[in-house]
Amino acid sequence: MTGKQPRHVSGAAEAAREERVAWHRREPRHLALGIERIGLISLRFRLPATIILIALAVVAAFGVERLKVDDSLSQLFRSDTAEFRQYEQLTRRFPSSEYDVLVVVEGKTLLERESMEKLRDLVTELQLIDGTRGIISLFSARQPPEQGRLPAALFPEDMPDGPEYDRLIENVKANDIIRGKLMSEDGELALIVLALEPKVVDGKGLADVIAEVRKAVAENIAGTGLTGQLSGVPVMQLEIRTAVERDRLVYNSIGFAAGCLIAILFFRRVSFMIIAAAPPLIAILLALGLLGWFDFRLNMFLNVMTPLIMVISFSDSMQLTFAARDRLIAGENKYEAFKNAILVVGPACVLTHGTAGLSFVALQFSDSDLIRTFGEAGLIATIIALVAVLMLVPLLGVWLIHKEQRFAAHIKGADVAVDWLRRLCAWIAARMVSRPGLYSLLSVLLVGGLALIYANLEPRYRLADQVPDKRQAVAASSRLDAKLTGANPIDILVEFPKGASLYAPETLEVIAAVHAMIEKQAGVGNVWSLETLRRWLAEKAGKSDVETLKQYVDLLPTHLTRRFISAEQDAVVVTGRIPDIDASRLLPVVATLDRALAEVRSKHPGYTISVTGLAAIAARNSANMIGKLNQALTVEIIFVAAFIGLAFRSVVVMVVSILPGIFPILISGTVLWALGQGLQFASVVALTVSFGLGLSATVHFLNRLRLEDKPGADPAIGVERATVLVGPPLILTSVVLACGLAVTVLSDLPSLRLFGWLSAFAMIAALFADMLILRPTAMYLKTLSLRVQHAWSGGHR
């Protein structure tokens with residue numbers, strides 16, 4: 001076929017006429033069980049449908065107002081597993097680090113007298129803020145007890161001058177409670193740990209409390225040359241909450257506006273832009289409203305529900321709009337045009353939403369409650385999007401389109417943008433079907449090579465990737481990583497056998513052994529426990545007896561002792577600090593520490609010793625969860641391909657759908673591998689989105705090819721015609737969605753930026769796969785199938 005003119009329709013009118021004939025020839029074979037016919041309801045009952053739509057939109061708007069942000073950093077790993085239940089038990093029995101605000105004060109003048117006085121004033125003021133329940137700072141340190149008297153504070157009430165102040169600072173630097181824990185070794189960074197009430201962190205008052213803390217820090221260290229930054233889980237949660245709410249409004253609006261602008265440029269009619277863009281927008285409103293009424297909470301996954309709905313529904317909405325537009329140009333009235341568009345394109349819409357729904361059902365097998373919830377929300381949104389697209393496109397069409405004959409006469413010969421897209425699609429199709437075997441072979445080799453690279457992708461997870469990196473929390477945490485070995489706690493929970501006392505010799509021996517093990521572990525520092533206090537008393541006061549230790553513990557504030565001793569005194573926590581590193585580097589540290597503690601467990605079998613804490617949970621579960629999601633995506637591809645083959649009743653269709661479906665996933669993974677980013681949670685979601693769009697394009701093409709296929713005709717003709725009819729809305733959809741998602745690269749959230757640019761790239765990759773892989777593969781396999789059938793029938797004559 002090389003050198004021949006493309007065998008495609010000359011214009012939309014001829015396309016619509018021939019398509020009607022093709023559809024009537026295939027009508028008895030229902031591709032989607034007739035589900036697409038629900039779109040005809042709104043055509044028949046326009047006014048009731050419109051009233052119901054307005055009522056549902058109002059109810060949904062109230063539901064959207066009920067949506068709340070779940071900003072807990074442990075939410076991702078929440079599951080019904082023994083490890084997470086143990087972590088929850090830890091947070092209940094001991095004041096969790098999830099309620100600690102870390103105030104990082106740094107500067108070369110930190111140890112000067114004026115700076116110290118202002119720092120102490122800051123600590124005093126922070127304790128008076130409503131919503132706080134305790135504070136730990138270098139001013140919490142006390143001198144060793146003398147002759148049974150109450151230990152005096154290390155810093156006297158009146159700060160000394162001259163040589164006496166210098167001696168005080170030397171004592172501060174040498175204090176084991178302070179050095180390397182609350183103050184850096186070089187004396188240039190101080191850490192203040194401010195514990196907040198759980199009800200404040202979990203409620204609406206967090207923003208006000210954090211604002212007061214920031215104000216107190218700024219006012220008290222002004223003029224000292226010191227800088228003050230806030231970190232800790234509450235600060236991170238607040239920054240996540242603010243970023244999620246901001247991004248949801250700003251970037252969705254920008255993306256949608258960009259899409260509408262592109263649609264207007266191609267359609268050259270505001271009415272058609274509204275017909276194509278409004279159903280996905282209304283689907284978003286209805287879906288988010290229902291999720292709000294069902295008390296779903298926005299998080300790092302559900303925050304991408306809006307672009308997900310856009311991806312799922314906008315492609316189908318564009319295909320329906322283009323089909324109806326072609327029929328209007330061909331001379332049909334608006335009722336017939338949108339009715340036929342529903343009957344011809346509607347089955348493919350049902351299949352695309354069905355495959356997307358299966359994708360979300362597959363997430364129900366995850367161990368993570370968060371991912372399962374995301375799957376439930378996605379399934380609900382998919383069903384709503386399908387109904388919204390099928391019913392709203394024809395409804396808006398009959399309300400907004402007027403004077404069809406004038407419109408058709410005006411557009412004929414002046415449809416420059418769409419005609420240009422048709423010519424481009426015809427040119428591509430003619431070349432793809434000219435040598436289908438060669439292009440199919442190249443496609444298989446390309447996909448195979450990308451699969452080998454994709455297989456080398458490693459799971460990646462860092463806490464900092466979930467937090468806005470253009471705010472204070474990440475910057476302050478990085479300073480703690482550099483100066484105090486890290487900001488993230490790793491906890492060793494030691495539970496006593498029944499009847500064992502906190503001050504029993506064996507209990508103290510176990511605590512000492514665990515403390516020593518953590519101190520020896522590379523990558524862990526700033527270790528705190530009851531053993532820290534016991535060692536300090538032995539070294540500074542020469543007191544190593546149990547009574548002195550007990551007396552000193554009783555003198556400490558309750559909020560401080562509860563950090564490492566349970567209220568029932570039947571368990572303790574030994575806490576270390578680690579830097580915010582990737583889970584792949586952190587997991588060996590956790591595993592090595594767990595193995596080292598086996599020696600203590602064997603010597604003291606009655607004591608339960610567990611490595612836990614958010615960092616340990618993240619290290620253990622992130623790689624496993626990302627790996628399972630990746631495996632689920634692989635299984636899902638095969639399962640969905642089988643579903644499509646079953647719907648079309650064709651093994652050839654099943655095989656054809658695989659290569660273009662997995663190409664966007666594999667090439668996006670290859671880009672991640674080349675950039676050294678690995679596979680993150682946001683990456684997996686982005687790849688799921690790209691798979692959904694790739695399938696949508698594939699299903700619409702195969703549905704059109706089914707209608708264009710004529711017995712005894714050259715398969716290349718059907719491929720070319722299907723490409724000309726389906727290609728323009730596919731290209732326009734890909735460009736609109738890529739622009740809408742690309743604006744998220746401006747977000748403060750690294751995970752959302754990753755999701756945005758990777759999804760946008762995958763959109764273009766899916767377009768490439770549909771135009772350059774699907775066409776020749778479909779042509780080659782169709783030709784091969786015909787040859788096999790011919791040979792089979794010839795052999796049985």
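**Notebook: a helix pair and a sheet**

I first looked up helix H15 (residues 416-434) and helix H28 (residues 715-742), which pack with their axes 8 Å apart and at an angle of about 140 degrees. Angles over 145 degrees count as roughly antiparallel, and H15 is therefore oblique to H28. I noted that the model is a predicted one.

I then recorded the handedness: H15 and H28 cross in a right-handed manner. On the H15 side, I listed Leu421, Arg422, Leu424, Cys425, Ala426, Ala429, Ala430 and Val433 as making the contact. On the H28 side, I listed Ala716, Val719, Glu720, Thr723, Val724, Leu725, Gly727, Pro728 and Ile731. Sorted by class, this contact of H15 with H28 holds 13 nonpolar, two polar and two charged residues.

Next I turned to the sheet. I traced four strands in the order E8-E9-E7-E10, forming an open sheet with antiparallel pairing. I found strand E8 (525-528) and strand E10 (608-612) at the edges; each has a single partner strand, so one side of each has no neighbour in the sheet. On average, neighbouring strands of this sheet are turned by 15 degrees against each other, direction ignored.

Within the sheet I examined strand E7 (residues 488-495) and strand E9 (residues 571-578), which run antiparallel and are joined by eight bridges. I located Asp491 opposite Thr575 in E9.

Finally, I looked up what lies across these strands. I found helix H22 (residues 583-596) lying across E7, E9 and E10. Relative to E7, H22 runs at about 20 degrees.

Notes. Residues numbered from 1 in each chain as written. Predicted model: local features only at pLDDT ≥ 70, side-chain atom pairs only at ≥ 80, totals over all residues. Heavy atoms only, no water. Pairing = 2+ DSSP bridges. Helix = DSSP H or I, 4+ residues; strand = E, 2+ residues; numbered from the N terminus. Axes fitted to C-alpha atoms, helices over the stretch in contact; angles between N-to-C directions. Contact = heavy atoms within 4.5 Å. Parallel < 35°, antiparallel > 145°, perpendicular 65-115°, else oblique. Left-handed = near helix turned anticlockwise from the far one by under 90°. Nonpolar A, V, L, I, M, F, W, Y, C, P; charged D, E, K, R; others polar.
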